[in-house]
Structure formats: C-alpha cells, structure tokens
Amino acid sequence: MHENGSYDGPTQCQSSLGMGSTGVSRETHDPLTIVRGFGVSDVGGGSRAARFGFGFTVAPQQPGGLAVGGPRAMVNDPPDADPVSQPTSAMPVYEGSGGPNTIVSAAGHRGKGSEIDSVRQAREPEDPPLAQEAKRAIQILNPSGEIQMPRPPKTRVFCVANQKGGVGKTTSVVNIAVALALHGNRVLVIDLDPQGNASTGLDVPHHAAIPDVYDSVVNETAISDVVQAVSGIPNLWCVPATIDLAGAEIELVSMVARESRLLRALQGHSAAYDYIFIDCPPSLGLLTVNALVAAQEVMIPIQCEYYALEGVQQLSNNIQLVKNHLNPALDVTTVLLTMYDRRTRLADAVEQDVRAHFGDRVLTAVIPRNVRVSEAPSYGQSVMTYDPGSRGATSYFEAALEIATRGANLGAVG
Ligand SMILES: Nc1ncnc2c1ncn2[C@@H]1O[C@H](COP(=O)(O)OP(=O)(O)OP(=O)(O)O)[C@@H](O)[C@H]1O
Ligand SMILES: [Mg+2]
C-alpha cells in the first residue's frame with residue numbers, strides 16, 4: 001500500500017528490480033488529479049503536457065507531448081531489414097542528433113570512445129524532453145544495465161486480442177512495446193482498432209489524411225509506406241489507425257482475400273523488426289481475423305474481474321478456426337493478467353482460474369490496477385516513460401522481460 005493509499009500490485013511484481021516506488025515514482029509526489037479520459041484537472045509545473053479528449057494538448061510552458069522536436073514527417077523510414085547486423089544493448093544510449101533511432105552500444109561507444117562520449121555529453125542538454133524521459137526510464141527501470149531483453153532469432157508477430165472491451169489490450173501493447181524498444185529490440189505497433197487508442201498512446205499523428213493501416217488493408221499500400229517513428233523512443237515504430245478504418249470491416253466483406261490483406265501488406269517488411277504487435281479492436285470481426293492471419297502468436301490480456309473468462313472460449317474457438325483453415329502456425333503463447341487488485345478475493349480467484357485454464361502460457365508478471373497506467377495516455381506517453389518507478393511500469397517491464405526471455409528460450413518462435 002502506498003502512503004497515499006493507492007494499491008501497489010501483487011507480490012510477484014515487487015521482486016527483481018529491487019526498488020520501491022517512493023523516491024523515483026510520481027505516485028507519491030505528484031499533486032496532479034486526473035479525470036479519466038479527459039486529461040488533467042490541474043496542469044502544474046514540470047515538463048509534461050496534458051492532453052484533453054479529442055486530441056487537444058495543453059502545454060503552457062514546456063510541452064512534453066506533441067510539440068517536441070518540431071514538425072514531424074508523416075511517414076518515416078522503417079529500419080533496415082537486417083535485424084542481426086544491428087547493435088543490441090541492454091541499455092541503449094542514443095545520441096541527441098542523427099534521428100530518434102540512432103543507437104550506440106551499452107558502454108556508450110560506437111566508434112572513437114572518448115570523442116563520442118564528449119560529443120554526447122555536450123549534446124545531452126539538447127535532447128528533446130521525450131528523449132530525456134526515455135533515458136530516465138531506462139535508468140530507473142534497469143539501473144545497473146544488467147538486465148537484457150534478448151532479441152528473438154526471427155521476427156515475432158503478436159496479435160493482441162480479446163473481444164471483451166477495456167481489458168487492457170492497447171495499454172499492454174503500448175507499454176510492452178516501449179519496454180522492449182527501450183532495451184534494444186526493434187518494435188512495430190500496428191493499430192488495427194478504429195478507435196486509434198494505440199496511436200494516441202504513442203502520440204503518433206492519426207488524424208484524417210494521414211497514411212494509415214486502412215491504406216494497407218484496403219488499398220494494398222505497403223506497410224513501409226504508412227509507418228511512423230515514435231517520437232522520443234528509439235527502435236519503436238507505429239502504423240496508426242485513422243477514422244478511415246471505421247469503415248474497413250464492411251468494405252472488407254466483399255474484397256478478394258479479405259482475411260489475409262494485412263499479411264500481404266506485411267510481407268517483405270516484417271523482417272525489419274524483432275517484434276510486431278497488432279492491437280485489435282474489441283470484436284471478432286474481419287479486422288481481428290486479419291490480425292490472426294498475419295501473426296504467429298496470440299497474446300490475450302485478461303482483466304482480473306468477474307466475467308473475465310467469459311468470451312475467452314469463443315476467442316479460442318475463432319483462433320482454432322483460423323489455425324485450421326488460414327494460418328497453421330498460429331498459437332496462443334501469452335496470456336497477461338491485467339488490472340489486478342489484490343484487495344479483492346475475486347482477483348485472486350480469476351488468476352487461479354486463468355492459470356488453471358492456460359497453464360504456463362500465463363505470464364508470471366501480473367499488471368496491477370495502477371492510476372499511473374491510466375494517466376499516461378493523457379500525456380501521449382506510455383507509463384514506462386511517464387512514471388518509470390510506478391508499479392504499473394515495473395510490472396510491464398517484467399512482463400516484457402518475460403516475453404523476451406521466453407522468445408529467446410524457445411528459439412525461433414513461429
Ligand atoms: N493496469 C491498469 N491500471 C489502471 N487502469 C488501466 C490499467 N490498464 C488499463 N487501464 C485503463 O483501462 C481502460 C481500458 O484499457 P485499454 O484501452 O488498454 O483496454 P482495451 O482492451 O484496449 O480496450 P478496447 O477494447 O476498447 O480496445 C483505459 O482507460 C486504461 O487507461
Ligand atoms: Mg484498445
């Protein structure tokens with residue numbers, strides 16, 4: 001329990017990082033009060049900018065959101081398609097110039113050691129606020145730099161699905177993607193939900209006229225032409241969803257190869273990434289089927305609430321149908337318990353049920369219900385950078401670490 005009475009999460013989430021949330025977390029120090037879904041009722045000092053519903057950003061002094069780094073190109077170059085040749089590091093350090101994705105080694109050297117160090121030191125004050133948040137996040141989450149998130153031998157494509165709404169699909173995609181990217185993995189998030197929540201959470205422009213996933217799925221535009229680099233987070237890209245996607249379910253019905261259009265758009269481009277996470281809408285319609293056909297792995301976030309498992313059987317049936325007829329490689333590899341509240345016996349009962357049903361596919365890390373997790377999108381940030389010391393951030397860090405470790409242990413997954 002926090003000083004302020006907020007709940008900190010289950011025991012297994014308080015382990016390996018060896019730190020409490022006080023001292024580094026804003027959980028006990030920040031006076032801001034959030035009105036869920038509509039941003040902040042009091043925008044105090046500090047570098048963050050609160051975002052109000054409908055995409056407005058309030059940035060009175062020092063914007064930490066959209067304004068950072070000046071105007072941004074709509075479409076950014078995806079990474080080179082050679083994952084093996086890129087440097088890997090537990091704690092990537094990136095330079096203040098040369099683009100958001102320029103990484104040097106864990107020791108901070110890419111070539112001439114001291115020269116680069118002094119240049120970097122000289123540049124450090126110029127890092128945009130978001131890049132500083134990312135650096136700070138790594139320092140807090142992985143202070144010794146010893147924890148590695150090994151890159152998989154080949155691209156892992158996750159469909160993150162649960163037709164039940166509001167269970168934490170998008171939140172999990174955003175935070176796990178950021179955690180993996182901050183630790184040297186090259187990650188693509190595909191927002192396949194017309195709500196566009198993943199695009200909002202990563203602060204990627206997704207208003208009408210922006211090239212988006214609709215163009216890929218309906219108009220056969222290559223994924224590389226609709227991808228955007230995520231500002232301030234090295235190694236992270238996003239294919240946004242705009243309002244156009246709202247009509248896609250209906251348009252797809254009469255299209256040729258309607259179930260495999262996302263797969264086609266990805267072909268030839270996926271090898272550029274270590275991880276691709278597809279954030280699905282809360283339905284089992286054609287968009288979700290496209291995600292299931294394009295992926296090898298399914299991640300099911302399950303909220304620790306009553307009715308949690310209701311609908312999961314139907315999801316499992318659909319996954320089996322897709323596996324039988326369209327994508328034999330598909331498997332549910334990862335189940336993530338979200339919004340766990342240890343104060344309730346119900347959460348414990350749900351956890352036991354889910355573990356009995358899915359066995360070791362359920363991650364040991366459990367995501368607690370944590371107010372910082374729900375505040376972060378208001379600032380166009382993940383909780384990993386918004387409040388790296390919070391229980392939400394450390395739990396997502398542990399979940400990402402487990403996913404990475406499992407992938408490495410499994411060898412070539414998918
Ligand atoms: N661990 C958490 N603690 C507190 N709030 C959370 C947590 N995880 C998610 N939330 C909040 O719960 C709400 C639903 O989360 P999210 O949007 O990730 O679910 P979803 O499954 O993607 O929803 P949808 O089905 O609409 O796409 C959001 O307001 C989010 O901020
Ligand atoms: Mg969502």
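This is a predicted model: local features need pLDDT of at least 70, side-chain atom pairs count only at pLDDT 80 or more; totals for chains, interfaces and linings use all residues.

**Helix α3.** Then I looked at cover, and 14 of the 14 residues of α3 are buried. Just past the end of α3, I found Gly184 with a positive phi of about 90°.

**Ligand 1.** I looked up the shell and got 19 residues around ligand 1. The closest are Lys169, Thr170, Thr171, Pro282 and Ser374. Which elements give two or more residues to this shell? They are α3 (169–182) and α11 (371–375). The largest share, 3 residues, comes from α3. Sorted by class, I have 11 polar, 5 nonpolar and 3 charged residues around ligand 1.

Most residues other than glycine have a negative phi, so I went looking for exceptions. Ala209 turned up with a positive phi of about 85°. I placed Ala209 in the loop between α4 (197–201) and α5 (213–219). Buried or exposed, I asked of Ala209? Ala209 counts as exposed, because it has 9 C-beta neighbours inside 10 Å and the cut-off for exposed is 12 or fewer.

Ala257 went into the notebook too, with a positive phi near 50°. Ala257 sits in the loop between α6 (248–253) and α7 (261–266). Its 11 C-beta neighbours inside 10 Å mean that Ala257 also counts as exposed.

How values were computed: Residues are numbered from 1 along each chain as its sequence is written. Chains are lettered from A and ligands numbered from 1 in the order in which they are written. A residue is near a molecule or strand if its C-beta atom, placed from the backbone, lies within 6 Å of it. Helices (H or I, at least four residues) and strands (E, at least two) are DSSP runs, numbered from the N terminus. Ala, Val, Leu, Ile, Met, Phe, Trp, Tyr, Cys and Pro count as nonpolar, Asp, Glu, Lys and Arg as charged, and the others, Gly among them, as polar. A residue is buried if 20 or more other C-beta atoms lie within 10 Å of its own, exposed if 12 or fewer, and partly exposed in between; C-beta atoms are placed from the backbone.
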